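User: I have a model open and want to go through part of it with you. Can you take me through the strands and then a helix?

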Amino acid sequence: MTLAVRYLAARTLDTAPAESAEPGPGEVQVAPAYVGICGTDLHIFHGDMDARVATPAVLGHEMSGRVVAVGAGVEGWRPGDAVTVMPLRWDDTCPACRSGHRHICQHLDFIGIDSPGAMQQRWTVPASTLIRLPHSLPLDQAALVEPTAVAVHDVGRAGVRHGEKVVVVGGGPVGILIALVARAAGADVRVVELSAHRRLLAEKLGLTTWDPAAADISSLVGEWTGDAGADVAFEVSGAAGGVDTAVEVLGVRGRLCLVAIHPRPREINLHRFFWRELTLVGARLYDRSDFEKAVALVADGTVAAHRLISKVVPLTQAPAAFEALEGGGDVMKILVDCTIDSEGAAA
């Protein structure tokens, strides 16, 4: 019997014993080491995804850990291997899969939302979801590979090119990761963020930030670009004002990449799209190549994952960590250590 963090109802989590299924054919059992709490997890915690999530639900999909056991027919993996998991299970039969877009399968099982996730001491997953980690990469930093893969996919969907001017609206974990990945692609990047704490962290990472409460962002973009406007904007704030800003900063034929989850419809300035021939691109999830590139970016320090980790808590303190993240501004990324309980005993 192992422990797991479970979602029971809106704003109700517990830590309880959970059965640990032995790996079947084609499966691998993993001992999660660190699991990050992300914005989607908070949406679940708030009850916003109750129509999709079956309770009790084990949360978590940003993780690192080690292989414990392998099922029949699994090759290339052995106990002790350091891994992360690309938490997607697709059906390979729907139109999206048949057209080569399996990561947005029309019947996608997002592991950690639609099926049990990583916030437990033993986790059995398809071997096909494993991504190998270099032995030199600390497992706490490796827990940020999944959100980095999101950023890699977003930057790729937006088609960011060397020398382009990019505005990232929203300086939370994914926004900062997008800015770092875009910078690595050769872009000139600005991050728009209200939180002074998040702006300071971004600046420590060498990023230039703007406070929308202190200055007119459109004017700043005009000065920066010689009134041409930005080539690309990423909307990562999830706020109506963030959408307005992302549209407003774009120059002629600029690209808006929508990253944040907007749970309700937003008004958008379509005249601006018409007048400047703008393009709106949606970006959801990732594929294996995004994950592999993310591993490399975290491992070589291009993405300074350790700087984004605000706090590490034991598994039994995960419910309190969700509440701490609701405050937002002074916390970037909280990791749950699945290897110890609140008394420090090893799992």
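Analyst: Start with strand β12, residues 188–192: 4 of its 5 residues are buried, so the strand is largely enclosed by the rest of the structure. Bear in mind that this is a predicted model.

User: Which way do β11 and β12 run, and how many bridges join them?

Analyst: They run parallel, and 5 bridges join β11 (residues 165–169) to β12. Within that pairing, Val 168 stands opposite Val 191 of β12.

User: And what unit do β11, helix α5 and β12 make?

Analyst: A right-handed β-α-β unit, with α5 covering residues 173–184.

User: How many bridges join β12 to β13?

Analyst: There are 3, and β12 and β13 (residues 208–210) run parallel. Arg 190 has Thr 208 in β13 as its bridge partner. With helix α6 (residues 196–204), β12 and β13 make a right-handed β-α-β unit.

User: Switching to α4. Is it mostly covered or mostly open?

Analyst: Mostly covered, with 12 of its 14 residues buried. Among them are Glu 146, His 153 and Asp 154, as well as Val 145 and Ala 158.

User: How far does α4 reach from its first C-alpha to its last?

Analyst: Helix α4 (residues 145–158) reaches 20 Å, close to the 20 Å expected at 1.5 Å a residue.

User: What follows α4?

Analyst: Gly 159, which has a positive phi near 65°.

Note on methods:
Residues numbered from 1 in each chain as written. Predicted model: local features only at pLDDT ≥ 70, side-chain atom pairs only at ≥ 80, totals over all residues. Heavy atoms only, no water. Buried < 20%, exposed > 50% of the residue type's maximum accessible area, 1.4 Å probe, protein only. Helix = DSSP H or I, 4+ residues; strand = E, 2+ residues; numbered from the N terminus. Pairing = 2+ DSSP bridges. Right-handed = clockwise from strand over helix to strand, strands pointing away. Expected span 1.5 Å × (residues − 1).
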